[in-house]
Amino acid sequence: MHGPVPQPLVDLPSPAAPAPPELRSPRAEDLERWIYAYLEHAPLSLTLREINRLIAIEAVASGAGPVLDVGCGDGFWWTLRDRAGAEVYGIDISAREIAQARTRIHATLTDVSRERPFPELQFRELIGNCSLEHVPDIDAALANLRAAAAPGARLLMFVPTPRWAYHGKLQGFLLRRAPRLAMSLAGALNGFFQHWHLYDAKVWTAVLAHHGWRVQAAHGLGSARSELLFRAFMPPAFLGFLAKQLTGFYPSKLARWLPRAALAPAAKLVRWAVSDPLVPVDSPTAYEYLIVAEAAEPAGPPR
């Protein structure tokens, strides 16, 4: 169903750094299962984003455990991934989300910028699924994650690109004709989603290095197809988000009572939009980065 996954642009900090892992494509049956599961769980715009991330994470994840999910939300992601026996732990600052996550993974209410998660454990893989850009004190968060990492652990983090809010035909038009309005709209979007950190991949590389993480690879995530549908279905997604704030779940949950045939057109659209979502890190269609970093060896004492 899918062609070969594009190779990433890789910045290797030193000749001794290990080569990035080979990228893998998901099985067709897994992709189908993910799509229908998310259509019965979340708005279509969020479904597109999450399916793209699932494809990307499965392309690079090692499967080593224990695994820490930073900002795990309701833990729904882990009902779709094959954990192969790896213990999964999650943290979040929302008590409501953690209550749901505890039915799926080991989860606890934790602010990663204030304390080390699960201090009795060391994790071999740490995942930030669009969470670390929401943490005001990113330095404390990355330091606490480094302290929680086992030797040789990997950090897989999804973060928005600095220009994600300028994508789309309308924003492109406004940037040419009314840049102040375009910037105001972008600022409103970033404010709504509480994005504290919007950095270029090279800046993230430097920030991570400062806290003991050596970047192995940086990928772009997104395509023109995915972006087209994401923006087309964003207005109802906003309504779905507000409904979840009030009720604890997206109205899309009601779709599970529909016959599979009723969801087939939406599934076809998603399938069309998420083909080959990994792109070069500097691609104009990249709305997000997937950054793969390894816990660097601590520096020795000065001589």
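The model examined here is predicted. Helix H4 spans residues 138-148, and eight of its 11 residues are buried, so the helix is largely enclosed by the rest of the structure. The buried residues of H4 are Ile138, Ala140, Ala141, Leu142, Asn144, Leu145, Arg146 and Ala148.

Asp139 also belongs to helix H4. With a relative accessible area of 39%, Asp139 is partly exposed, because a residue counts as buried only under 20% and as exposed only over 50%. The side chain of Asp139 is joined to that of His211 by a polar contact of 2.8 Å. Asp139 and Leu208 are separated by 69 residues in sequence, while their C-alpha atoms are 8.9 Å apart in space.

Across the whole structure, the search finds 15 salt bridges. One of them pairs Arg33 with Asp30, with the closest N and O atoms 3.0 Å apart. Both residues are located in helix H1 (residues 28-39), where three residues, about one turn of the helix, separate Arg33 from Asp30. The two partners fall into separate accessibility classes: Asp30 has 13% relative accessibility and counts as buried, whereas Arg33 has a relative accessible area of 37% and is partly exposed. Asp30 and Arg33 also take part in a network of salt bridges with Arg27 and Glu29.

A salt bridge is also present between the side chains of Lys244 and Glu97, at 3.4 Å from N to O. This pair links distant parts of the chain, with Lys244 in helix H9 (residues 234-247) and Glu97 in helix H3 (residues 95-101), 147 residues apart. Lys244 and Glu97 are both buried.

In another salt bridge, the side chains of Asp111 and Arg114 meet at an N to O distance of 3.3 Å. Asp111 has a relative accessible area of 25% and is partly exposed. For Arg114 the relative accessible area is 72%, and this residue is exposed.

On the surface, a nonpolar patch is formed by Leu170, Phe173, Leu181 and Leu185, which together have about 370 Å² of accessible area. Two helices, H5 (169-177) and H6 (179-192), each contribute at least two residues to the nonpolar patch. Leu170 is located in helix H5. The relative accessibility of Leu170 is 58%, so this residue counts as exposed.

With regard to cysteines, the count of disulfides is zero; a pair would qualify only if its sulfur atoms were within 2.5 Å. Cys72 is buried, at a relative accessible area of 8%. Cys130 is likewise buried, with a relative accessible area of 14%.

Key:
Residues are numbered from 1 along each chain as its sequence is written. This is a predicted model: local features need pLDDT of at least 70, side-chain atom pairs count only at pLDDT 80 or more; totals for chains, interfaces and linings use all residues. Side-chain values use heavy atoms; hydrogens and water are left out. A salt bridge is a side-chain nitrogen of Lys or Arg within 4 Å of a carboxyl oxygen of Asp or Glu. Helices (H or I, at least four residues) and strands (E, at least two) are DSSP runs, numbered from the N terminus. Buried means under 20% relative accessible area, exposed over 50%, partly exposed in between (1.4 Å probe, protein chains only). Patches are made of residues with over 30% relative accessible area and no salt bridge: like charges are joined within 9 Å, nonpolar side chains (Val, Leu, Ile, Met, Phe, Trp, Tyr) within 5 Å. Accessible areas come from the Shrake-Rupley method with a 1.4 Å probe; for residues, only the protein chains shown count as cover. A polar contact is a pair of N or O atoms within 3.5 Å; within protein, one must be able to donate a hydrogen and the other to accept it, and residues adjacent in sequence count only if both atoms are side-chain atoms.
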